Structure formats: C-alpha cells, structure tokens
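Hi everyone, thanks for coming. I'd like to walk you through one model today, a few helices at a time. Here it is on the screen.

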Amino acid sequence: MIGDSRSGRDERRVRSECHARFAWDQVSFDSAPGRWLLAVAVLGSGIAFLDATVVNVALPDIGRDLHASTSTLQWILNGYTLTLASLILLGGSLGDRYGRRRIFVSGTGLFTIASLLCAVAPNAALLVAARLVQGVGGALLTPGSLAMVESGFRPADRARAIGAWSGLGAVAGALGPLVGGLLVGAVSWRAVFLINLPLGMFIVVMAGRHVPETRDPAAGGRIDFRGAILAAVGLGLTTYALIEAPGHGGSLLVPVTAIGGGLALIAFVLAERRSPNPMMPLSIFASRQFSAANAVTFVVFGALSGVFFLLVSFLQISLGYSPLAAGAASLPITVLMLLFSPAAGALAQRIGPRIPLTVGPLVTAFGLLLMSRIGPGDSYLSGVLPAVIVFGAGLTLVVAPVTATVMAAADERHSGIASGINTAVSRLSGLIIVAVLPLVAGLTGEKFYDPAAMDHGFHVAMLVCAGLAAAGGVLAWFTISSEVLESEPAPGGDLPTGVLHDFSCAVAGAPLRPGREADCRPIAADPAAG
C-alpha cells in the first residue's frame, strides 16, 4: 500500500510538472507575462550584443588613449568574443541543468561587474583582461535568454516571439555604434562600459519577478569541464596565431600556437564524442536543418562582423566623421530591423525560411558591394546611406528566420544547448573575421590609423564580406527546407491531442514539440488527484 501510494504521488507529481510546463508553454505573445518574458530576455541578450558592437566606434579613442596597436585593438574586441564563443555551450548546458533563469541572472551579474572593470581599466592589458571576464558573463546569459523565449511561449507564437527576440537583439547590436558615438562624444570611451551597470541591475531584478524557471530534468551527470577547457584553449591559441602573425610572423611561437590550437580543437571533438554528458552533443548535428542553419549563420554573420568592425572606424579615419556621426551612420539598419524583423519571422513561418535565407544574404552582399564604392568626398546621402539601407534590408530578412530555423530543428529539451551552439557559431565567425580581415585588407600595425591605408583596406574588406554573404545565400538555397517552420499546433497553441488527453512524460521536462511526443503517453484521470 505504501509503495502504491508513493507511486501514485510520483505519477501525480510528474503529471503536475507536465501540466505546469505545458501551461507556461501556452503564454501568448500579446499577454502581459509574455511581454515581460520577452522584455527581460531581449534586454539580457541586448547588453551582450550591444557590447559586441558598441566598442567598435570607440576603438580609435581607446587606441589613442591607451597607446594601443592594431593587434591590441583586435584583442580588445576578440577577448570578449573569445570567452563568449568558448564557454557559451557550457552556459547552455548549465542552464538546461540548473535552471535557465538562474544561469541567466548569474551571467548578467558577472557581465555587469566586468563592465565596471572595463570602465576603470588604466591600461590596455587590464582592459583586455576585463573583456575576457565580460565574455564569460555573456556566455552564461546569452543562451539562457533565447532558451527562456523558446520554452516560454506557446508553439503557435514561438516563431513570432523568436523573431522579436532576434530582431530586437540585433537592433541592440546595430544600435551599438550610435550609442557608442553618443557616449564617446559626450563623455569618453569609458562610458560605453558604464552604461551596462544600471541595465544589468534592472535585468537581474526583473528576471526574478517576471521570468519563470525552466530546466531539462533529464540533464544529469558531471559537467563537461574538459570540453569547455579544450574549446577555450583551442580557440584561444588559434586566435593568438591569427592576430599576432602579422607582427611576429618570423617567430616560432606563432606556428606553435596555431598547431596547438588545432590539436586542442580536434581533441575537443573527440572528447565530446566520448563524453557521457557532453556540453556539445554531436548528435544534435544529425539534424540536417540544424547543421545547415548554423552553416548559414557562420558565413553570413562573419560578413556582418566584418562590417561592424571596420565601418565606423573607416568613417572616422578616412572620411573624417566624428564618433557621433559615424555611429549614427548605421542608424537605418537599426530602424529597419526594429520595424520589420518580427514580420520577417512571421513571413518565414508562412512561406518557409528557405526563400528569406536565400534572398536576404544576396541583398546583404549587394549592400556590401555598394559599401566598397564609398570613398573620401562622398556625401552621406549619396554614398553611405544607400549602401546602409540595402545592407540593413538584407540583414532583416536573415536574422529572425535563421534563429527560428535553428531552434525549430532542435529538441526543445536541449533549447539551451541549441541556442548556445548557434550563438557560438556566430561569435566564432566574428572571432575569425576580426582576426583575419586586417591581414587580408592590409591594415596591420599602424596602417589602421592611416586614412589612405584604411580607405583601400576597407574596400578590400567589403568585397571579402560581400563574397561571404553571397555564399550564405547560395548555401541556404541548397540546404534549408521550406517545411522546417511549419506550425503543427492548433490555432490556440494547444497540441493536436492535448484537447482530449493529459500526458504523462517519460521525463519530467517541458512537453516536446508536436510530432516529438513519443516519450509521452495518454493517461486516465486519477480520481485521487482530485
């Protein structure tokens, strides 16, 4: 009798958890809880995305104030990206296991503290170190941000919510140059880090009040610290070799670190294959759509990173723009994404992501070709603005659909890992392009600050980025399916069978997407449950 009673209680507990998570899945995009959830998630990811671009406009001032070379400026940018890309998979795994809100809040707190350290850094070395810590915070908060959206909204609203999240997050990144220009011009470059302090504190408080906790109850076992260390070492050594090669090409240290980085990354893949609890389960790449969407992300976001790295510096150094004018030059990108990213997500839901992910990168590539023709003496209206508008229009067609495709192709129980992988891929492409582009464009050493060298190098860099973007469009056409975002739930957001039955889940996690309910079975009502 005791065993039967305990069994009954366990069954009711499992069903209660399923119901609770199922009910939260039904949160509407237009409801007050849905708006709060989206607002907190967007603000969290927004400060991480903002810091990936806000520093760009401050680079000339940082370089002059701290006497930094081109390679040091690359480290100031890539130090943040390095730890973010290396550890974001671990952040996703920690969120799935210990609670996405908990890890999200912890990451936001660490990010805020590191921002203060960046603001008070007396020299370039300490600024780079603080940026490394800032990236660790970003690695914890970013995957949790998207995973909270993915698991929090009802299936019928998910594409719209993810579209708003990705679009508004990209808006935060696109606002970076403008915000940076305002702060650098009005205060100093240090203010671009101080702005994170009130934002970070607000996010921590509001997350505790308005965001429910979600996790993957099936996650267990030991944390994959070995994989995290191997990923960080591999990416760190490879990045060092790419950045330092121009200035230390004759040194034995460069090829040694390059080889060491490559071996560490190979060891990472082997360790993940053998680990019982990998932070990046290789089986997730068995989904052709997941792999294809991440490949498109890698190529297109590499081009995007190249633009945000060089555009504002080119406008200041070669065209004589002030920091504020250079930051404001990209404002049309922000406006386009703010207005049309949710619509782009809805369009992908309606017609499938294949066409948007093909047309978007090709339009982006055309905008980059227009940027490659900007030169000294060109006015903003005739030279810069058309290129920026075309580039922004293409980007708007890409960001929401590619994010929705990645998340739709992954099992909801692994949404934290899936979003972590996708963000790591985008950051990794930026890490590589920022390290390689100055070398390809001839902007090494002190040439970065030379107006003529920057003019020529920027044109070469935009042609390279245009090629990457166009390749992303071609890749999407041949690999992305139009059916991956097909909406399976009923119009009200319920599961097709949910109207008739309750579900008892084999694991006490959030209900899987319709069509993935193999682990759930209908159960009869339990009279004892009341």
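This is a predicted model: local features need pLDDT of at least 70, side-chain atom pairs count only at pLDDT 80 or more; totals for chains, interfaces and linings use all residues.

Helices (H or I, at least four residues) and strands (E, at least two) are DSSP runs, numbered from the N terminus.

Residues are numbered from 1 along each chain as its sequence is written, and side-chain values use heavy atoms, with hydrogens and water left out.

Okay, the overview. The protein has 17 helices and 2 strands. Of its 530 residues, 57% count as buried. Contact, for me, means heavy atoms within 4.5 Å. Among contacts with a separation of 6 or more, 84% are between residues 24 or more positions apart.

Let's start with α8, residues 196-210. Its 15 residues reach 21 Å from first C-alpha to last, close to the 21 Å expected at 1.5 Å a residue; that expected span is 1.5 Å times one less than the number of residues. Which residues of α8 are buried? They are Asn196, Gly200, Ile203, Met206 and Ala207. They sit on the same side of α8, because they cover an arc of only 140° around the axis. The arc is that of the directions from the helix axis to the C-beta atoms. Turn to the face pointing away from that buried side and you find Met201 and Arg209, both exposed. The buried residues pack against α2 (32-66), α4 (100-120), α5 (124-152) and α7 (191-194).

Ser145 is in α5, and with 0% relative accessibility it counts as buried. Not counting residues up to four places away in sequence, Ser145 touches Ala41, Val42, Ser45, Phe104 and Trp165. Leu141 also lies in α5, and is buried at a relative accessible area of 0%.

Now for helix pairs. You describe two packed helices by the angle between their axes and the distance between the axes. Axes are lines fitted to C-alpha atoms, for helices over the stretch in contact, and angles run from 0 to 180 degrees between N-to-C directions.

First pair: α14 (residues 354-371) and α17 (residues 451-479) pack at about 165°, axes 8 Å apart. So these two are roughly antiparallel; the cut-offs are under 35 degrees for roughly parallel, over 145 for roughly antiparallel, 65 to 115 for roughly perpendicular, and oblique for the rest. Residues making the contact include Leu357 and Pro361 of α14 and Phe458 and Trp477 of α17.

Next, α14 with α11 (residues 288-317): the axes come within 11 Å and cross at roughly 25°. That makes α11 roughly parallel to α14. On the α11 side the contact is made by Val300, Ala303, Val307 and Leu311, and on the α14 side by Pro361, Leu368 and Met371.

Last stop, α15: 23 of its 30 residues are buried. Thanks, happy to take questions.

Terms used. Buried means under 20% relative accessible area, exposed over 50%, partly exposed in between (1.4 Å probe, protein chains only).
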